[in-house]
Amino acid sequence: MIFQLQTVDIKHHNQMARKALFRIMGLFFLIGLSMSMGFTALFGQYFGNHYISDFIGAFIGLVITMTLVYTVFKENDWVKPLLYSWALKRAVMKVYNRLQRIERLAEEGDASALEVMAFYFNALEQMHQLEGNSHELLEIQGKKREWRERFEQAGIDPDLRVLDLDKIEQFNPV
């Protein structure tokens with residue numbers, strides 16, 4: 001799967017993501033409450049206590065809500081900033097989970113590892129910008145400057161914004 005960092009207006013992106021989150025939370029509240037009440041009314045006597053049936057109903061509501069978000073609402077403009085933020089965090093975590101091995105291979109000069117590191121720094125930088133985490137942003141920018149020369153020597157764009165995330169699988173622990 002190819003992941004591309006988007007150029008975003010941070011203030012607008014965060015406003016839209018916040019609105020989408022509140023809409024999804026409201027939808028979950030309505031569906032979860034309805035499912036919980038319905039499940040309790042229909043099956044509450046079988047469980048002996050209403051907490052279990054409430055939990056099952058709320059869980060069914062969560063599944064329905066997430067299914068709606070990823071199928072029906074996925075293409076709507078109001079949910080795209082939130083989905084992009086989630087995808088960005090997943091891409092960063094996919095690299096982070098293998099970072100020790102990737103970093104070691106990049107230090108040895110492995111071109112694929114250097115490419116992944118360049119993308120990782122840029123993705124992490126954007127994630128911290130979107131979250132307003134200035135302390136971590138400064139730290140990652142410093143690390144990026146330290147690695148810049150290695151990227152340039154290997155012929156890799158230090159501002160790499162596109163990566164095939166399947167390429168990361170080759171760095172799974174042996």
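**Close-up views of the predicted model**

**View 1. Confidence across the elements of the predicted model.** Among the elements of the protein, the highest mean pLDDT, 95, belongs to helix α5 (residues 111-131), whereas helix α1 (residues 10-47) has the lowest, 89. The protein as a whole averages a pLDDT of 91, and 99% of the residues score at least 70.

**View 2. A nonpolar patch on the surface.** The patch is formed by F28, F55, F59, L62 and V63, which together have about 480 Å² of accessible area. Helix α2 (residues 50-71) gives the most to this patch, with 4 residues. V63 is found in helix α2 and is partly exposed, with a relative accessible area of 40%.

**View 3. The salt bridge between E169 and R98.** The structure holds 9 salt bridges, and in one of them the side chains of E169 and R98 meet at 3.6 Å, N to O. E169 lies in the segment after β2 (162-164) and R98 in the loop between α3 (80-96) and α4 (99-107), so the pair ties together parts that are 71 residues apart in sequence. R98 counts as buried at 14% relative accessibility, whereas E169 is partly exposed at 33%.

**View 4. A network of salt bridges.** E125, K144, R148 and D159 are linked in this network. The side chains of K144 and E125 meet at 3.0 Å, N to O; because K144 lies in helix α6 (residues 134-153) and E125 in helix α5, the pair ties together parts 19 residues apart in sequence. Both residues are buried, K144 with a relative accessible area of 12% and E125 with 13%. The side chains of D159 and R148 form a salt bridge at 3.9 Å, N to O, linking the loop between α6 and β2, where D159 lies, to R148 in helix α6, 11 residues apart. D159 is partly exposed, with a relative accessible area of 37%, and R148 is also partly exposed, with 32%.

Technical notes
Residues numbered from 1 in each chain as written. Predicted model: local features only at pLDDT ≥ 70, side-chain atom pairs only at ≥ 80, totals over all residues. Heavy atoms only, no water. pLDDT = per-residue confidence, 0-100. Helix = DSSP H or I, 4+ residues; strand = E, 2+ residues; numbered from the N terminus. Patch = residues over 30% accessible without salt bridge, like charges linked within 9 Å, V, L, I, M, F, W, Y side chains within 5 Å. Areas by Shrake-Rupley, 256 points an atom, 1.4 Å probe, with all protein chains shown as cover. Salt bridge = Lys/Arg side-chain N within 4 Å of Asp/Glu carboxyl O. Buried < 20%, exposed > 50% of the residue type's maximum accessible area, 1.4 Å probe, protein only.
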